[in-house]
Each structure stands twice: as structure tokens, then as C-alpha cells.
Amino acid sequence: MKANLAIIAAGSGRNAEAEDLLRDSLAIRRRLGDVAGTAVALNNLGFMAAERGDLERAERLYEESLASRTSLGDRLGMAVSLNNLGDLARRRGDRPAARGLYRQSLEHAHAIDNRREAATALAGLAAVADDPERALELCACAEALLASIGAAPDEDVRRTLDEVRGASVVAAGPDAWERAETAAASMSFADVVALALGQPVLA
């Protein structure tokens, strides 16, 4: 109940109230021994901390959430937490760390056939790619995965894809985007993951 109220408060811009409610929810979940609920509350508190720029606190909360989800074998939750940690590393400018975290997230998402979370990881990888053509390949793969399940990206992922694609097309040229789109349209999920991880893609 408190978690639902926190979502309403955050959606109304009452962030301090939302954090208080989330802290209450976390305390309740811990008292009940609800590991999954505790992980969700920690993740949500991490998001709130990241939104206000407290990246150190956000990292601690995300890592604690990841540890809880790992103990449960919750691969979707692990993928979400790793993407969130990747976003923090990217905000700090630590591109190698961000790449490692996004790749781990992608592997978990692939293992459970979750294309939406995989697309989130691909968008992150595109944002930290060193080469504009590589960035376009990853953007196109993210778009193709979402299209394959008839899903639209959430607001943050859409913004990342648009920003990366815009900058990369300027650097690599519009033909590079067309090539990337064409290639991604014919790739399987496994091929997309192999491409993103730097592994051989089967013809």
C-alpha cells in the first residue's frame, strides 16, 4: 500500500513524501522477511536518490537490491538492477564499467527471453559505444527487439536511443543507419546478444 502511495506521490512531484513512504515500505518488507519486496523498495529508493543527484547513495541501494535479487535467482530483477548501475556508471563517465554492467544485464535478459529489458541494456551499450557505426548497430538492435514484441521503449530509453542515433548519424552518415536497421531486422535474439557481446554472429 505504501509503495503504491509512493508512486502516486512521485508522479505528482512530491518526491520527499515519496521517499518517506518508500522507506516505510522498506522497513515493513524487512520486518516481514519479504526479500523480493525489499529488493523492489531498495531499487525504487535508488531511483529516487539518482533523480536528485545522490549517485553514491543510489549505487549503494541498487547494489543492495541486486544482492537480494541474486539471492532469489531473480534474473529479471538482476537485469533491471544491473541496467540501473550501468546508468550510474555512464553518468559518472565510467564507460568501461557501464559496458560491463549493461552486458551482464543483457545476458540475464536473454536467459529469460525478456526483450524489453534487453533493449534497455542495448540502449545503454549504444550510449557508451566508442564508434558511431557500432552505436547505430546497437540502437537498431534495440529497436528491432522492441518491435518484435510490439512494445514501445519507456521514456528514458526512447530519449537515449534518439540522442545516440542523432549524434551517430551525424558522425557516420545516414547510410550507416539504414545498413544497421536492415541488418538488425534479420537478426535473431541470440544474434543480437552475440553482436553486443562481441561474439561471432552466425550467418
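The legends below describe close-up views of a predicted model.

**View A. Packing of helix α5 against helix α7.** Helix α5 covers residues 75-92 and helix α7 covers residues 115-127. Their axes lie 10 Å apart and meet at an angle of about 20 degrees. Angles under 35 degrees count as roughly parallel, and α5 and α7 are therefore roughly parallel to each other. The crossing of α5 past α7 is left-handed. On the α5 side the contact is made by L76, A79, V80, N83 and R90. On the α7 side the contributing residues are E117, T120, A121, G124 and A127. By class, the residues of this contact of α5 with α7 are five nonpolar, three polar and two charged.

View B. Residue T38 sits in helix α3, which spans residues 35-51. The relative accessibility of T38 is 8%. Buried means under 20% relative accessible area, so T38 counts as buried at 8%. With neighbours within four places in sequence left aside, T38 is in contact with L26, R29 and R30.

**View C. Packing of helix α8 against helix α10.** Helix α8 (residues 132-148) packs on helix α10 (residues 174-185) at an angle of about 40 degrees. The distance between the axes of α8 and α10 is 8 Å. That angle makes α8 oblique to α10. The crossing of α8 past α10 is right-handed. From α8, the residues that meet α10 are E133, L136, E137, C139, A140, C141, E143 and A144. Their counterparts in α10 are A176, W177, R179, A180, E181 and A184. The residues of the contact of α8 with α10 divide into nine nonpolar and five charged, with no polar residue.

**View D. Cysteines C139 and C141 of helix α8.** Both C139 and C141 belong to the α8 side of the contact with α10. A disulfide requires a pair of cysteine sulfur atoms within 2.5 Å, and the count of disulfides comes to zero. For C139, the nearest cysteine sulfur is that of C141, 9.5 Å away, and C139 is in no disulfide. C139 is buried, its relative accessible area being 1%. C141 is likewise in no disulfide, with the sulfur of C139 as its nearest cysteine sulfur at 9.5 Å. The relative accessible area of C141 is 2%, and C141 is therefore buried.

Technical notes. Residues numbered from 1 in each chain as written. Predicted model: local features only at pLDDT ≥ 70, side-chain atom pairs only at ≥ 80, totals over all residues. Heavy atoms only, no water. Axes fitted to C-alpha atoms, helices over the stretch in contact; angles between N-to-C directions. Helix = DSSP H or I, 4+ residues; strand = E, 2+ residues; numbered from the N terminus. Parallel < 35°, antiparallel > 145°, perpendicular 65-115°, else oblique. Left-handed = near helix turned anticlockwise from the far one by under 90°. Contact = heavy atoms within 4.5 Å. Nonpolar A, V, L, I, M, F, W, Y, C, P; charged D, E, K, R; others polar. Buried < 20%, exposed > 50% of the residue type's maximum accessible area, 1.4 Å probe, protein only.
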